[in-house]
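User: I'm new to this one and would like to know where its descriptions come from. Could you walk me through them?

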Amino acid sequence: MRSKVAGYALIIGAIYYLVAEAISAAFFNSSIFDTYVFHTISELGIPNANSPLFWLMNSAFILVGLTLMFGCFYSFKDCIVKNKTIFYILTLVTGLGVIIVGLIHGGNPLTSGYHTLGAVMAILGGNILLVVVSRSMDDFEGYQKITLILGALGIIIFWVMFFNMGNVYMPVFERLSVYTLIVWSFLTGIYLLRD
């Protein structure tokens, strides 16, 4: 029962995030294509005229952080047989990072440093978490292999983004490095439901 509750929580968090981002992007002060390609996810959460649904995007960040920590600490931790301390630390770092992004928006010189810190905690911490998870379970089968691939891709894309912050397509790299965690949350929810 615990695994099913955690599974549903992770699935709901992942779906809510994708839907909230799509709706926020649709109402952003640009075409939806340009929003996804040329505007960062963080821009969708800044409370200004460009993003009238900033609150929706920020609620998605917070929900993802909460459901990730809940799902992992409530049930998924039982699947981890090695590196438990690292797993707990990275889960906490990732979850809190996403929540910080939702609570402290970018674009404000006084708070943008905290927002950036939260983003690094969420993106880099989250993708490292996936790699650790893939190597910390009893088996190394389909789910674990997909988790490792997602984590490795996310880390590589994060560093491509990091060294290309001025690139016009940087938001694409940002989204891809975030989506690895969102996809993993969804897949982990399904994995727990099948348990």
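User: What makes the nonpolar surface patch?

Analyst: This is a predicted model, and in it Ile15, Val19, Ile23, Phe27, Phe186 and Ile190 make a nonpolar surface patch of about 490 Å². Residues count towards a patch if they have over 30% relative accessible area and no salt bridge, and nonpolar side chains are joined within 5 Å.

User: Which elements give two or more residues to the patch?

Analyst: Those are helix H1 (2-26) and helix H8 (170-194). H1 gives the largest share, three residues. Phe27 sits in the loop between H1 and helix H2 (32-38).

User: Why are H6 and H7 called roughly antiparallel?

Analyst: Look at the angle: helix H6 (residues 112-134) and helix H7 (residues 142-162) pack at about 150°, with their axes 7 Å apart. Angles over 145 degrees count as roughly antiparallel, so H6 and H7 get that label. H6 also passes H7 in a left-handed crossing. Among the residues that meet are Val120, Ile123 and Leu124 in H6, and Tyr143, Gln144 and Thr147 in H7.

User: And how do you know how H4 runs relative to H5?

Analyst: The axes of helix H4 (residues 54-74) and helix H5 (residues 84-103) cross at roughly 165° and come within 7 Å. With the cut-off being over 145 degrees, H4 is therefore roughly antiparallel to H5. Their contact includes Asn58, Phe61 and Ile62 of H4, along with Phe87, Tyr88 and Thr91 of H5.

User: Which hand does the crossing of H4 and H5 have?

Analyst: That crossing is left-handed.

Terms used:
Residues numbered from 1 in each chain as written. Predicted model: local features only at pLDDT ≥ 70, side-chain atom pairs only at ≥ 80, totals over all residues. Heavy atoms only, no water. Patch = residues over 30% accessible without salt bridge, like charges linked within 9 Å, V, L, I, M, F, W, Y side chains within 5 Å. Areas by Shrake-Rupley, 256 points an atom, 1.4 Å probe, with all protein chains shown as cover. Salt bridge = Lys/Arg side-chain N within 4 Å of Asp/Glu carboxyl O. Helix = DSSP H or I, 4+ residues; strand = E, 2+ residues; numbered from the N terminus. Axes fitted to C-alpha atoms, helices over the stretch in contact; angles between N-to-C directions. Parallel < 35°, antiparallel > 145°, perpendicular 65-115°, else oblique. Left-handed = near helix turned anticlockwise from the far one by under 90°. Contact = heavy atoms within 4.5 Å.
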